[in-house]
Amino acid sequence: MVYNIALVKGDGIGPEIVSSAVKVLEKVGAKYGHEFKCTDYLAGGCAIDATGMPLPEETVEGCKASDSVLLGAVGGPKWDKLPGDKRPEKALLGLRKALGLYTNLRPAKLYPALKEECPLRADIVEQGFDLMMVRELTGGIYFGDRGRRDGKYGPEAYDTEAYSVMEIERIARAAFDAARKRRKNVISIDKANVLETSRLWRETVHRIGEEYPDVQLSDMLVDNAAMQLVRRPSQFDVVVTSNMFGDILSDEASQITGSIGLLPSASLGATKCGLYEPIHGSAPDIAGQDRANPIATILSAAMMLRYAFDLSEEADCIERAVDEVLAAGLRTADIVGNSGATPLSCTEMTEEILKRI
Ligand code: IPM
Ligand code: MG
């Protein structure tokens, strides 16, 4: 089979980590007899430099026409002073919206080999955790009306959170479907004690939950969830939440796995063509130094094989290779911790993973 993949390498460490993932895809393709045809598209700061716009139309069209998108990261200090709608981040939000990718799956699990890197207490680490964050990705406050205006006390700014029943229904279904393939437990996170959007969220998630009697559903307020994630992460199986809460909580979830450099994500819509990207950013401080951890992007490529192309054996093969490098004590700088290991470069880590495919 031939699969057309749009590569959006982006900024900072983006090009390094996407190149690593492409090497892994090529190796897997050679092993299992698939061809992954990759085409580069610009988005983010590099697109601003080249075209004056963070998300050129050509990129949107190219991504739409592809079978899936693999994205590195966007943004950096060079573009930080630009107005909101001209910033590199706008490219990512715009691409998610243009491709209709309303479901963001962010798995976070503790690798036994990385227990030492987990900042939690030993007895909590012993219980382990393996959760799936289902973040709503094209609605809420990140897409609501925003602006500046003259307020009662002078100039003020505002952002608006709005959720329609339809948007909540479809993300709830995505979460319940995910739970059916896991431990059949969904915790819906909101701030229903304050926000009206959260009250509609809760109501709607429960109504959809009735269609899934085999899945256990409960609610948790977001402030409590932030606490429970470090107190007893093993209680979470599938977590479903809004765009902003999911953004924040998924970074927290990544820290308890040891490093944000490990977490992949899949952004999916109504079609199987999705966007796959690490949850971390462009890490401008280490860009171009060959020090980045390529694992989150490599695991994102594995998620692409599993979700977009139904190639689960091939995805397993990549995930196993990652398990093996970690179990062998191989570490990039972000996960070296107190292990005493010599940190591998991005290139060396990629080579080690390739060897195991
Ligand atoms: C993420 C990032 C993005 C987001 C930013 C870069 C717009 O933080 O993917 O989590 O908020 O969604
Ligand atoms: Mg984020």
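**Salt bridges**

I started with a search of the whole structure for salt bridges, and it came back with 22. I keep in mind that this is a predicted model.

I then asked myself how exposed each partner is. Lys9 has a relative accessible area of 23%, so I call Lys9 partly exposed. Asp40 comes out at 46%, and that is partly exposed too.

Next I went to Asp130 and Arg182. Their side chains form a salt bridge, 3.4 Å from N to O. For accessibility I noted 31% for Asp130, which is partly exposed. Arg182, at 24%, is also partly exposed.

Then I checked Glu156 with Arg149. I find a salt bridge here, with the closest N and O atoms 2.8 Å apart. Glu156 is partly exposed at 33% relative accessibility, and Arg149 is partly exposed at 42%.

Which residues join up in a network of salt bridges with Arg87? I get Asp80 and Glu89, linked with Arg87 in that network. I will meet Glu89 again below, as one of the residues around ligand 1.

**Cysteines**

How many disulfides does the structure hold? My tally is zero. I wanted a reason, and took Cys38 as the case to check. The closest cysteine sulfur to that of Cys38 belongs to Cys63 and is 12 Å away; a disulfide needs the two sulfurs within 2.5 Å, so this pair is too far apart for a bond. Cys38 is partly exposed, with a relative accessible area of 31%, whereas Cys63 is buried at 0%.

**Ligand 1**

I listed what surrounds ligand 1: Glu89, Leu92, Arg96, Arg106, Arg135, Tyr142 and Asp247. From that list I followed up some polar side-chain atoms. One on Arg96 is 2.6 Å from an oxygen atom of ligand 1. Arg106 also has one, 2.8 Å from a ligand 1 oxygen. For Asp247 I again read 2.8 Å between a polar side-chain atom and an oxygen of ligand 1. As for cover, ligand 1 on its own exposes 320 Å², and the protein buries 78% of that.

**Ser254**

My last stop was Ser254, which I located in helix H9 (residues 243-257). Is Ser254 buried or exposed? I count Ser254 as buried, because its relative accessibility is 0%. I then looked for its contacts, skipping neighbours within four places in sequence. That leaves Ser259, Ile260, Leu263 and Ile279 in contact with Ser254.

Terms used:
Residues are numbered from 1 along each chain as its sequence is written. Chains are lettered from A and ligands numbered from 1 in the order in which they are written. This is a predicted model: local features need pLDDT of at least 70, side-chain atom pairs count only at pLDDT 80 or more; totals for chains, interfaces and linings use all residues. Side-chain values use heavy atoms; hydrogens and water are left out. A salt bridge is a side-chain nitrogen of Lys or Arg within 4 Å of a carboxyl oxygen of Asp or Glu. Buried means under 20% relative accessible area, exposed over 50%, partly exposed in between (1.4 Å probe, protein chains only). A residue is near a molecule or strand if one of its heavy atoms lies within 4 Å of it. A polar contact is a pair of N or O atoms within 3.5 Å; within protein, one must be able to donate a hydrogen and the other to accept it, and residues adjacent in sequence count only if both atoms are side-chain atoms. Accessible areas come from the Shrake-Rupley method with a 1.4 Å probe; for residues, only the protein chains shown count as cover. Helices (H or I, at least four residues) and strands (E, at least two) are DSSP runs, numbered from the N terminus. Contact means heavy atoms within 4.5 Å.
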